[in-house]
Amino acid sequence: MPPYTSWETACDSIQKCVDFANPGDTIFVEKGEYLESVVSYKRIHLMGAGADSTIVKKDVPGGGVIEIRGGGTIDGFFIQNTTSAQYVGIWVISPLTDTVFIRNCIVVSNSANIMLHKGIVIAEGNYGNGGSFFNGQAVGSGSELHILNNISNSTDDAAPWGIKLTMHGNIINCEEDALYLVNGGPHLITNNIFVTTTNRFGNDNSIAGHKIISRNNLMTAIYFRGAAIWCNYDNDHRNNIVLNAKYGIRPSPDAPSVLSYNAFWKVGQIFENPHVDSTNKFLFPMFVDEEAGDFRLQKYSPLIDAGDPDILDVDGTRSDIGPLGGPYGRSYEYLDLAPRAPFIALPVMTADSLTLRWQKNYETDLTGYRLYQDTVEQFVPFPDKLIYTGKENNYTLARPDSGRNYYCIVTAIDSIVNESKPSQAIQLLLTSADENESELTTPEKTQLLGNYPNPFNPSTTIRYSLQERSYVKLYIYTLRGELLEVRVNEEQSPGEYNYQFSPEITGTIDDLASGVYFYMLETKGRETGKISRETGKMLLMK
């Protein structure tokens, strides 16, 4: 019963308690599931028991599960709009004088997790899932979004119209453009990680006279089909990293921007349109563990102290390039790690020699490679197995004894003799020299061995091995899962095979966009009936 001031007299509905509360009151919500929507017209602080246990969900096809129209706080809730329509989790239409704080929440909705039409919103430490993490179309001027240290997995771009945006320290995973800003600037975008499967980060060409300032962000994707940074109308992008793109930056020829001290890797071309700034460079970042999301820089990374000299790190030194650098970054110890493990491509054999090649390493402290050989598969690369030490990423050796299995692995070495993990083992069977040929031995298992080179243009070689006689199909798919064609469809004998995927030769390269393609090996053993399916991905860069 009112006044709901103890757990013994607590209300059974959040909305009832909001209606009874006075402006400035704090409402504590115990753990549980609340199947209702909530609308607040006054400054109320809603404090849940935690996003793992205080659940508010409702099918609200015409608005948000929680609507804030008078300022206040939402903290510690799991909020879900269960409608199949495109509507939101938290909807804010609040006076500019009453800031709305959204903290420590999980928000799930088919459209925006947070929608702002009017007001000032500070969202910090939340997790979003659904259409987009935030969005909005401002009613009048003065609205602001401050998106700080959140994580989002979304299908749609964040595209607030007429709203001043500040973003810092977020991880945004998005199927479309990560960020699409229209008016309302200047916008400050710092120390974020944007992961997207399409083409750009930045603002649309319709922006006029408003500035995006980006510092120390990381923009990466399976592949950006266009420019990762798409800028117009007096933008300022510095100290950012772009990975996996056809173009790094698309400058506007009509509105010059500051585009300096950015780093690019696996990017076809830095600028899509004519622009000259030699401070933008192709540099291998040397992250601690990119696959695990650890974007700290290693000790000899070329991005350390390589940012704009007018921008300083938190320790007062010249800024590092990337999401942990700059005045809003953080200090950490630069680790001196071993290089990445090399990858061996198909060997080239002749009657009297064998040449092994492997992908080049790009660590700045790399001093060379070591090639080991033995007659057993699971061998330890001890010094007595070493057959080559050098800087070249290939080695030709005289034809060894025939009729025996040989296994080769490669490691990479840095300046203090840190040695990488070994590459995959290449298994070889060398026949008699009198036969004037060499061949691969019967593999010990059926498996997909990857493709090389990767990225590629115009061709790449897909490798696989068969342990037994099998019916084999090799499929090529687009990024969207559409079947491009079946390139192998026949029964094959045991052995190792390499298929050269050359769309230029087959007359299809003009029809294929730059980007990621998948291949799937499907086999059915003739004797065992065992069915195997494995997939890999390859990157075409035009």
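The legends below walk you through several close-up views of this predicted model.

View 1. Let us begin with the overall layout: domain 1 covers 7–286, domain 2 covers 343–428 and domain 3 covers 447–540. Taken over C-alpha atoms, the centres of domain 2 and domain 3 are 25 Å apart. Where these two touch, domain 2 supplies 8 residues and domain 3 supplies 8 residues. The size of an interface is often given as the accessible area lost when the parts come together. For domain 2 and domain 3, that buried area is about 620 Å², with 62% of it on carbon and sulfur atoms. If you look for salt bridges between domain 2 and domain 3, the count is 0.

View 2. For a closer look at one pair, find strand 10 (residues 100–103) and strand 12 (residues 120–124), which run parallel and are joined by 4 bridges. Within this pair, F101 sits opposite I122 of strand 12.

View 3. Strand 40 (residues 460–466) pairs with strand 43 in the antiparallel sense over 7 bridges.

**View 4. A salt bridge links K57 and E33.** The model holds a count of 14 salt bridges, and this view shows one of them, with the closest N and O atoms of K57 and E33 lying 3.5 Å apart. K57 belongs to strand 5 (residues 54–58) and E33 to strand 2 (residues 32–34), so the pair ties together parts that are 24 residues apart in sequence. K57 is partly exposed, at 25% relative accessibility. E33 is also partly exposed, with a relative accessible area of 47%.

**View 5. K385 forms salt bridges with D374 and with D384.** Between K385 and D374, the closest N and O atoms are 3.3 Å apart. K385 lies in the loop between strand 34 (366–374) and strand 35 (386–390), while D374 lies in strand 34, so this pair ties together parts 11 residues apart in sequence. For the salt bridge between K385 and D384, the N to O distance is 3.9 Å. Are these residues buried, partly exposed or exposed? K385 counts as partly exposed at 22% relative accessibility. D374 has a relative accessible area of 12% and is buried, whereas D384 is exposed at 60%.

**View 6. Four residues join in a network of salt bridges.** Here you can pick out the linked residues R215, D236, R238 and D308.

**View 7. A10 lies in the segment before helix 1 (14–20).** With 36% relative accessibility, A10 counts as partly exposed. Now look for G248, which is 238 residues from A10 along the chain: the C-alpha atoms of the two are separated by 57 Å.

Notes
Residues numbered from 1 in each chain as written. Predicted model: local features only at pLDDT ≥ 70, side-chain atom pairs only at ≥ 80, totals over all residues. Heavy atoms only, no water. Helix = DSSP H or I, 4+ residues; strand = E, 2+ residues; numbered from the N terminus. Buried < 20%, exposed > 50% of the residue type's maximum accessible area, 1.4 Å probe, protein only. Pairing = 2+ DSSP bridges. Domains from an automatic or database assignment. Contact = heavy atoms within 4.5 Å. Buried area = accessible area lost by both parts, 1.4 Å probe. Salt bridge = Lys/Arg side-chain N within 4 Å of Asp/Glu carboxyl O.
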